[in-house]
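Thanks, everyone. Please have a look at it first.

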Amino acid sequence: YDGLILAKDALIRSKNTVAVSLYRRLGGERIYATLTNGFRLSGLCRRETDAEGHVRTDLAEAPLALGELTRGVSLFEMTRAYLPFCRAGKIGEGNTLYFVENAEGELLLRAENEETTILSPMTASVMTHMLSGVTEEGSAKSLTLPALVDTAGKTGSSGGNRDRWFIGYTPYYLCGVWVGYDEPVSMSGSAGYASSLFDAVMTRVHA
């Protein structure tokens with residue numbers, strides 16, 4: 001509604017109209033394939049019919065452009081999906097451990113994390129530049145971490161304020177925060193919860 005706008009400014013200001021415009025340019029099938037095969041989001045729904053006979057799909061505008069997914073996405077997968085932006089276009093499976101030793105210090109298990117390149121390093125760099133604008137002048141400009149280290153990231157929410165997100169990274173660490181309830185309810189005054197938690201944790205980590 002503001003006329004021509006840069007992609008970076010649209011991202012910083014969370015302009016849904018631009019997200020929908022990009023969806024219409026690229027098409028649902030292409031975006032769906034990229035998210036499932038490239039960014040490894042396993043919970044997306046191509047098509048299913050619920051008990052009441054309603055057909056649900058994540059190929060439409062609301063799910064793919066605005067994030068209103070049928071089943072949602074886990075914090076682990078959402079955070080992992082940001083890896084290509086901060087690792088020169090590479091993504092790995094991710095691990096919940098580094099290694100396991102026995103009482104004698106013998107190595108029993110070491111995490112293996114084979115990476116695949118899904119973006120060019122240039123695209124990853126441009127995305128980081130755009131996402132750094134969110135922490136400098138956008139919805140996460142209240143963060144104190146950028147005064148300590150370069151920080152990029154994105155806030156997010158679902159309809160009715162049932163979920164609050166912040167996924168962010170520095171040259172050293174990537175961190176995802178989700179705020180919500182097991183049974184979704186609207187959270188009033190929750191806009192800064194996720195980014196505040198990110199700020200508190202990551203500031204201590206980088207100290």
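The lining of the second largest pocket divides into 12 nonpolar, 6 polar and 3 charged residues. Keep in mind that this is a predicted model. That makes 21 lining residues for this pocket, and the ones nearest its centre are Leu83, Gly94, Asn95, Tyr98 and Asn113. The space inside comes to about 610 Å³.

Which helix gives the largest share of that lining? The answer is H5, with 4 residues. Helix H5 covers 75–80, and helix H6 covers 83–86; each of the two supplies at least two residues of the lining.

Next, the surface. There is a nonpolar patch made of Leu97, Val100, Leu108 and Leu109, and together these residues have about 320 Å² of accessible area. Take Leu97 from that group. Leu97 sits in the loop between strand S3, residues 90–91, and strand S4, residues 99–101. The cut-offs behind that are under 20% for buried and over 50% for exposed.

Last, Val201. This residue is in helix H8, which spans residues 193–206. Val201 has a relative accessible area of 44%, and therefore Val201 is partly exposed as well.

Technical notes. Residues numbered from 1 in each chain as written. Predicted model: local features only at pLDDT ≥ 70, side-chain atom pairs only at ≥ 80, totals over all residues. Heavy atoms only, no water. 1 Å grid on protein atoms, 1.4 Å probe; cavity = no way out; pocket = protein on both sides within 12 Å on 5 of 7 lines; lining within 4 Å. Points joined across faces, edges and corners; volume = space filled by probe spheres on them. Nonpolar A, V, L, I, M, F, W, Y, C, P; charged D, E, K, R; others polar. Patch = residues over 30% accessible without salt bridge, like charges linked within 9 Å, V, L, I, M, F, W, Y side chains within 5 Å. Areas by Shrake-Rupley, 256 points an atom, 1.4 Å probe, with all protein chains shown as cover. Salt bridge = Lys/Arg side-chain N within 4 Å of Asp/Glu carboxyl O. Buried < 20%, exposed > 50% of the residue type's maximum accessible area, 1.4 Å probe, protein only.
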